[in-house]
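My notes follow the order in which I looked.

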Amino acid sequence: MLLKDKVAIVTGGTRGIGHAIVKEFLREGAAVVLCGSRPESAEKAVAELKAENSEWNVSGISPDLSDYESVKQAFDGVHKTFGRIDILANNAGVSDSHPFLSYTPELFRKTMELNVNAVFNCSRAAAELMAAQKSGVIISTSSMVSRDGQPAGVAYPTSKFAVNGLTLSLARELGPLGIRVNAVAPGITNTDMMRAVPKEVIEPLIANIPLRRIGEPEDIANAYVFLASDKASYITGQILYVDGQAHS
């Protein structure tokens with residue numbers, strides 16, 4: 001098992017890519033604390049996972065990710081329970097596709113709040129604990145649009161550009177403390193949101209992907225497992241694109 005005896009926190013862990021990350025971490029032997037936006041959603045996700053495998057060490061928390069003190073209190077509680085935090089997966093986020101001329105400052109602020117400020121809050125709280133133990137891994141979910149942009153919903157690619165910048169800078173600053181920092185940038189992925197998109201919209205997108213399919217949440221989760229494991233012990237400051245594309 002690649003993550004045996006590791007302790008991981010996964011934000012946005014109740015559904016989609018985050019839920020897949022939680023499952024793969026558990027399968028690889030980690031104890032996982034998933035974060036949900038509400039206590040009931042976290043509790044439901046934990047119950048479903050335990051029903052699937054009663055031996056999995058999984059629990060849930062629901063801090064307000066936009067509030068540093070709420071995050072710090074929750075993470076300190078995890079540390080008190082397990083004695084360490086080895087892995088932080090910053091996966092919680094929101095996307096949108098509003099045209100720029102109909103954007104409001106409030107909508108832009110809300111997107112940046114969850115996609116950037118929450119990553120800072122969680123990374124800051126986790127890094128303090130990881131620095132004390134002189135080891136740790138922080139991985140954040142970026143996106144293919146952090147490289148290419150997108151034709152609408154400007155706050156989303158803007159936020160993911162920021163995640164990339166945070167990743168690169170933290171890798172340089174926290175490396176001497178024994179903390180590796182990377183990001184995973186998914187392409188089009190088969191989540192609930194994507195399944196709602198009409199077939200006639202999806203098919204042309206698939207035609208432009210060399211592997212001729214969209215990604216599955218497990219494809220993204222497997223990249224997380226690798227970067228979180230000791231197999232990637234000499235990898236930091238990288239944005240790993242998992243999008244079925246060839247990049248120069």
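In what order do the strands of the open sheet follow one another, and is the pairing parallel or antiparallel? Working on what is a predicted model, I read the order as 3-2-1-4-5-6-7, with seven strands in the sheet and parallel pairing. At the edges I found strand 3 (58-61) and strand 7 (239-242), each of which pairs on one side only.

Helix 1 (residues 16-27) touches strand 1 (7-10), strand 2 (31-35), strand 3, strand 4 (87-90) and strand 6, and its direction makes about 170 degrees with that of strand 1. Helix 4 also packs on the sheet, where it touches strand 4, strand 5 (136-141) and strand 6, and its direction makes about 175 degrees with that of strand 4.

Next I went back to one pair of strands. Strand 6 (residues 179-186) is joined to strand 7 by four bridges, and the two run parallel; I wrote down Pro-186, whose bridge partner in strand 7 is Val-242.

For the chain as a whole I counted nine helices and seven strands. Along the principal axes, the C-alpha atoms fill a box of roughly 50 × 40 × 35 Å.

My last entry concerns the second largest pocket, which holds about 180 Å³ of space. Which helix gives the most to its lining? I found that helix 4 does, with six residues, while helix 4 (105-133) and helix 6 (155-174) each supply at least two. Among the lining residues I listed Phe-120, Arg-124, Glu-128, Leu-166, Glu-173 and Leu-177. By class, the lining divides into seven nonpolar residues, one polar and three charged.

Definitions and conventions: Residues numbered from 1 in each chain as written. Predicted model: local features only at pLDDT ≥ 70, side-chain atom pairs only at ≥ 80, totals over all residues. Heavy atoms only, no water. 1 Å grid on protein atoms, 1.4 Å probe; cavity = no way out; pocket = protein on both sides within 12 Å on 5 of 7 lines; lining within 4 Å. Points joined across faces, edges and corners; volume = space filled by probe spheres on them. Nonpolar A, V, L, I, M, F, W, Y, C, P; charged D, E, K, R; others polar. Pairing = 2+ DSSP bridges. Contact = heavy atoms within 4.5 Å. Axes fitted to C-alpha atoms, helices over the stretch in contact; angles between N-to-C directions.
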